[in-house]
Each structure stands twice: as C-alpha cells, then as structure tokens.
Amino acid sequence: MSLKKIVSLILSALICLSAFVAFPASASADELPKMEVNAKASLLMEPVTGKVLLEHNAHAKLPPASVTKVMTILLIYEALAQDKISWNDMVTVSEHAASMGGSQVYLAPMEQQSVTDLVKSVVIASANDAAVAMAEYIAGSEDGFVTMMNSRAAELGMADTRFANACGLPTAGHLTSAYDIALMSRELITKYPEVFKYTKIWMDKITHKTSRGEEDFGLTNTNKLIKSYPAATGLKTGSTNEALFCISATAERNGLQLIAVILGAPDPGTRFGEAIKMMDYGFANYALVPGDPAGTVLGRVSVQKGGEEEVNAVVKARVAALVTKGKSTELKKDVRLAEAVYAPVKAGAKVGEVIYYHENAEVGRSDLIAQSGVEKATLRDMIGRAAQRWFVNEKEE
C-alpha cells in the first residue's frame, strides 16, 4: 500500500473518531460544539446546573408564539404556591378571553371552568382562550398579567424578552430568545416539577357547561414528542406564520434532564426532529453526578449555653455536577463547620458550608444548616451538666 493511501486512511479514521468526542461541560460559549440546526435559533441546557451545552443564535430576539405560555404557566403555579388561587376555584370566562383566536378550547363568554381544567387546556392543548382567562383571574386583566410576566422575566435575567400578551398570538414587539425561553423553562420545571403531571398527558378532556347544556371537549397534546420520544416530559410548542414552528422541549434519561429550545423551524417535523437531535447529543455526552441530598447530616456543631450541647449540621440544598461521560463520577467535598454557635439557635440557621469538587475544580457549594432549634439552657440544665461532669471526673479518678 502506498504512503499516500496510508495517510488517507489515517485521516479518515481520525475524522470518524472526532464525531464521538465529548465536550467538557465547563466550555465557554465560544468553545461550545457546533451543531447544524435547521431553525432560526436553538439552545440546549441542563436545568439543574443551568449549563448551556449547545447554542445557535441563542440571543436573537424572535417571536415565540405559544411557547410564551411557559411564563404564563409559571405565574399560575406561583399563584397556586402562594395560595392566591386554588385548583378548585371556578373562573368566569370574559368576552375578551373568549375572543382569542388560534389554538383554543372554544370557551364561551360567562362560561365557568375550574383552574384545573383551564390549566389542562393551556398545558395540553395550548389554548389561548384558557391562558387569557387565567391571566385575568390572577391579575384582574390581561394587561396587568403582562406586567407581571415582564417583571418576572426581568427577575430571571431574561434580557432579550418583552411580552405583550399572555398567550403568544402575533403582537408587535412580543419577542424573546432561545436563551430566555430556556431560563423560564428551567425555573418552571425545577421549582414546580409537578407540572409534568399535565405536560405528559397525551389526551384528556374538559366539559363545557353553558346555557346550551354540557358538552365534552377533547384535548390532545400539541407536543408530539410525548408519543414519539420515550424520554420526553414536556414542555410547550408554538407556531404562527410569523414565528414559524417553535418548541421548548424537556426530557429526562438516567437522572439527566435537558431543555431543548427551537425557534423558527420551517415545519412541525423539523421542529421535533431537531429537538430530538439536540437532546440525543446531550444524553450521549453528559451525565449528572449529584452531591449529598438536602437534609444529609455532615457533622455536629457545639452549642454554647444551649439546652442541647450540639446540633446536627445538614445540607440545605443538593448540589450536582454535570460531567462528560467517561470522566470520573466522584465528587469530593470539603465540610467547613462553625467552631461553635450560641443559643438560642433557630432551625435552619447557617452553621457551616460544604464545597464540592470534581477533578479538583469546584462545582458547587451549599450551606450547612441547623437540623433543629436549640433553646437557651435553663438553670436545671446547667446544674444537671455540672453534676454529670462531677460524677464522670470522680469515676475517672
């Protein structure tokens, strides 16, 4: 075989092998691997750490269509968590909400629906009328709700975003980016993972109750990945003539969650196919290595003048490291405890810190907090301890 052919074979082998090289999770944006995605913008994020694994035009300001509803759903779940509304509340549909076009469940003016059924309609069927009905119920008006949306976006660091409505119908200036969609999707699924109860539903129904009587209305999930991609967990699709085809897709495999955002794909099949391609890349190349669960006892701290002499120091929040497959899955930790604290100590008070390292690089840290409260010692406590020490000393002598 000639030298020229040997060199050619070696180069071909190297090119083939390069397709399987895993990229470090700590890579900067400029070092992120390139992947051709047939869309105006795209991004792949791991939500626990918030690390971006792939991106293309991630900060381009584009219309998101019904992916807007990720923020609407987030605000609904926050209102539920704050007891401002409840799942069983009955919502009266306004003329304005009933007038929404596009995807809808054909709510009638003055029709009443429960928060549960309206949320199902938004999450599963992407219903614009249900989204606006919920917006009005929470904020009093859609405009008031849009103000809440933009305020929450600012809190999340969504610098590319300006919302103009609660549902994503085409409106001048209603823009966001693939990166910002990933941010609000991350907030929703990490703070309220119970949303997957609805995002995973393929088919359901609601019942219209109007002056014409009762009539069932079927809901079918607009996210076809729920049927076609086994790892899929959600989250929200969107499409208009202006926005083309969009999605914030979520999936989980072997403990690793991913968010794949596609904006401006040319057709529905491409939207879903490109999201799958990105998520397959993430699952093939990365693994999530968790630290100690919240509540794990990592030591005891002396309590001065307390009813108890020591208190357990427990992990406040779990830390996880995103690592490329093939690398070590061991996390080392440095536990730093206070020498002592003074009573009274409140449960949850900081008494130390734990720092986690992967291959000598810090990957996260968590406060260590008091597992229980400790009151000041009483006179009886002090006498009892003194007596106990005296007996111990006598025995040792």
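**The aromatic cluster and its surroundings**

Tutor: Tyr-198 is buried, with a relative accessible area of 6%; buried means under 20% relative accessible area, exposed over 50%, and partly exposed in between, with a 1.4 Å probe and protein chains only. The model is predicted, so local features need pLDDT of at least 70 and side-chain atom pairs count only at pLDDT 80 or more, while totals for chains, interfaces and linings use all residues. Residues are numbered from 1 along each chain as its sequence is written, and side-chain values use heavy atoms, with hydrogens and water left out.

Ring pairs link Tyr-198 with Tyr-77, Trp-87 and Tyr-192 into a cluster. Rings of Phe, Tyr and Trp (its six-membered ring) pair if their centres lie within 6.5 Å; planes under 30 degrees apart count as stacked, over 60 as edge-to-face and the rest as tilted. By this rule the count comes to 5 aromatic pairs. One of them joins Tyr-77 and Tyr-192, which are tilted, at 5.9 Å centre to centre and with 40° between the planes. This pair links distant parts of the chain, 115 residues apart: Tyr-77 is in helix H2, and Tyr-192 is in the loop between helix H7 (178-191) and helix H8 (196-199). Helices (H or I, at least four residues) and strands (E, at least two) are DSSP runs, numbered from the N terminus. Tyr-77 is buried at a relative accessible area of 3%, and Tyr-192 is buried at 14%.

Trp-87 and Tyr-198 form a tilted pair, because their ring centres are 5.9 Å apart and their planes are at 45°. Here too distant parts of the chain are linked, with Trp-87 in the loop between H2 and strand S3 (90-92) and Tyr-198 in helix H8, 111 residues apart. Trp-87 is partly exposed, with a relative accessible area of 29%.

Helix H2 also packs elsewhere. The axes of H2 (residues 69-81) and helix H5 (residues 128-139) come within 11 Å and cross at roughly 40°, which makes H2 oblique to H5. Axes are lines fitted to C-alpha atoms, for helices over the stretch in contact, and angles run from 0 to 180 degrees between N-to-C directions. Angles under 35 degrees count as roughly parallel, over 145 as roughly antiparallel, 65 to 115 as roughly perpendicular and the rest as oblique. On the H2 side, Lys-69, Thr-72, Leu-75, Ile-76 and Ala-79 make the contact, and on the H5 side Asn-128, Ala-131, Met-134 and Ile-138; contact means heavy atoms within 4.5 Å.

Back at Tyr-198, one of its contacts is Asn-221, which also touches Ile-124, Thr-199, Ile-201, Trp-202 and Ile-226, leaving aside neighbours within four places in sequence. Asn-221 lies in the loop between strand S6 (213-220) and helix H9 (225-228) and is buried, with a relative accessible area of 2%. Asn-221 and Trp-202 are 19 residues apart in sequence and 5.1 Å apart in space, C-alpha to C-alpha.

Buried residues make up 47% of its 397 residues.
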